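Thanks for coming. I have one structure to go through, so please look at the sequence and the model while I talk.

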Amino acid sequence: MITYDTFRAFLRAEGCEAQFDRAFLLHNGHTVLDATLWESGEGEFVFAHAFDWSATPEGREFWKTTDRKWTLLCLSS
C-alpha cells in the first residue's frame, strides 16, 4: 500500500511539493491534502483527482509526466 509519507517524499524528490500543495488548495476550496484526507482516497490516482492540470502554472504536460512517474512508482510497490 502506498502511504501518505511515500507520496510526500515523491513530491519532494520531483521538486513539486509546493506546486502540488498550491494547486490542490486553490482547486479544492482551500482544503489541504493531509494524511487524514489521503486515507479516504485512492493514492495511486491522486493526481487524476487532485486538480485541473491545465489551470496550473506548470500546465497539463508537467502534471501528466509527474502522474506517469507516480503511477510507475505505485505499480512497482
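Buried residues make up 32% of the 77 residues in this protein, where buried means under 20% relative accessible area, exposed means over 50%, and partly exposed is in between, with a 1.4 Å probe and protein chains only. Before going on, note that this is a predicted model, in which local features need pLDDT of at least 70 and side-chain atom pairs count only at pLDDT 80 or more, while totals for chains, interfaces and linings use all residues. Residues are numbered from 1 along each chain as its sequence is written, and side-chain values use heavy atoms, with hydrogens and water left out.

Now the overall layout. The protein has five helices and zero strands; helices are DSSP runs of H or I with at least four residues, strands are runs of E with at least two, and both are numbered from the N terminus. Read from the N terminus on, the elements run α-α-α-α-α. The radius of gyration is 12 Å, close to the 11 Å that the globule rule gives for 77 residues, so the protein is as compact as a globular protein of that length. That radius is taken over C-alpha atoms, and the globule rule is 2.2 Å times the number of residues to the power 0.38. Along its principal axes, the C-alpha trace spans about 30 × 25 × 20 Å.

Two more totals. Of the contacts with a separation of 6 or more, 61% are between residues 24 or more positions apart; a contact means heavy atoms within 4.5 Å. The protein exposes about 4800 Å², and carbon and sulfur atoms supply 56% of that area, which comes from the Shrake-Rupley method with a 1.4 Å probe, where for residues only the protein chains shown count as cover.

Next, helix 1. Which residues of helix 1 are buried? They are Tyr4, Phe7, Arg8, Phe10 and Leu11. Seen down the axis of helix 1, these buried residues fall within an arc of 155°, so they line one face of the helix. The arc is that of the directions from the helix axis to the C-beta atoms. As background, an α-helix has 3.6 residues a turn, so residues three or four places apart point the same way. On the other side of helix 1, Asp5 and Ala13 are exposed. What covers the buried residues of helix 1 includes helix 2, helix 3 (35-39), helix 4 and helix 5. Just after helix 1, Gly15 takes a positive phi of about 70°.

Side chains of opposite charge can pair when their charged atoms come close. The rule used here for a salt bridge is a side-chain nitrogen of Lys or Arg within 4 Å of a carboxyl oxygen of Asp or Glu. By this rule the count comes to five salt bridges. Arg8 is buried, at 8% relative accessibility. Its side chain meets that of Glu17 in a salt bridge, at 3.2 Å from N to O. Arg8 also forms a salt bridge with Asp21, the closest N and O atoms being 2.8 Å apart. Asp21 lies in helix 2 (residues 17-27) and Arg8 in helix 1 (residues 4-14), so the pair ties together parts that are 13 residues apart in sequence. Asp21 counts as partly exposed, at 28% relative accessibility.

A further salt bridge joins the side chains of Arg12 and Glu17, at 3.3 Å from N to O. Arg12 is partly exposed, with a relative accessible area of 48%. Salt bridges that share partners join Arg8, Arg12, Glu17 and Asp21 into one network.

Thr56 is found in the loop between helix 4 (46-50) and helix 5. Is Thr56 buried or exposed? Thr56 is buried, with a relative accessible area of 11%. Not counting residues up to four places away in sequence, Thr56 touches Ala23, Phe51 and Trp63. With Trp63 there is a side-chain polar contact of 3.0 Å. A polar contact is a pair of N or O atoms within 3.5 Å; within protein, one must be able to donate a hydrogen and the other to accept it, and residues adjacent in sequence count only if both atoms are side-chain atoms.

Leu37 lies in helix 3 and is partly exposed, at 32% relative accessibility. Leu37 touches Phe24, Thr31 and Val32, leaving out residues up to four places away in sequence.

Last, Phe62, in helix 5 (residues 59-76). Phe62 is partly exposed, with a relative accessible area of 31%. Phe62 and Cys16 are 46 residues apart in sequence and 10.0 Å apart in space, C-alpha to C-alpha.
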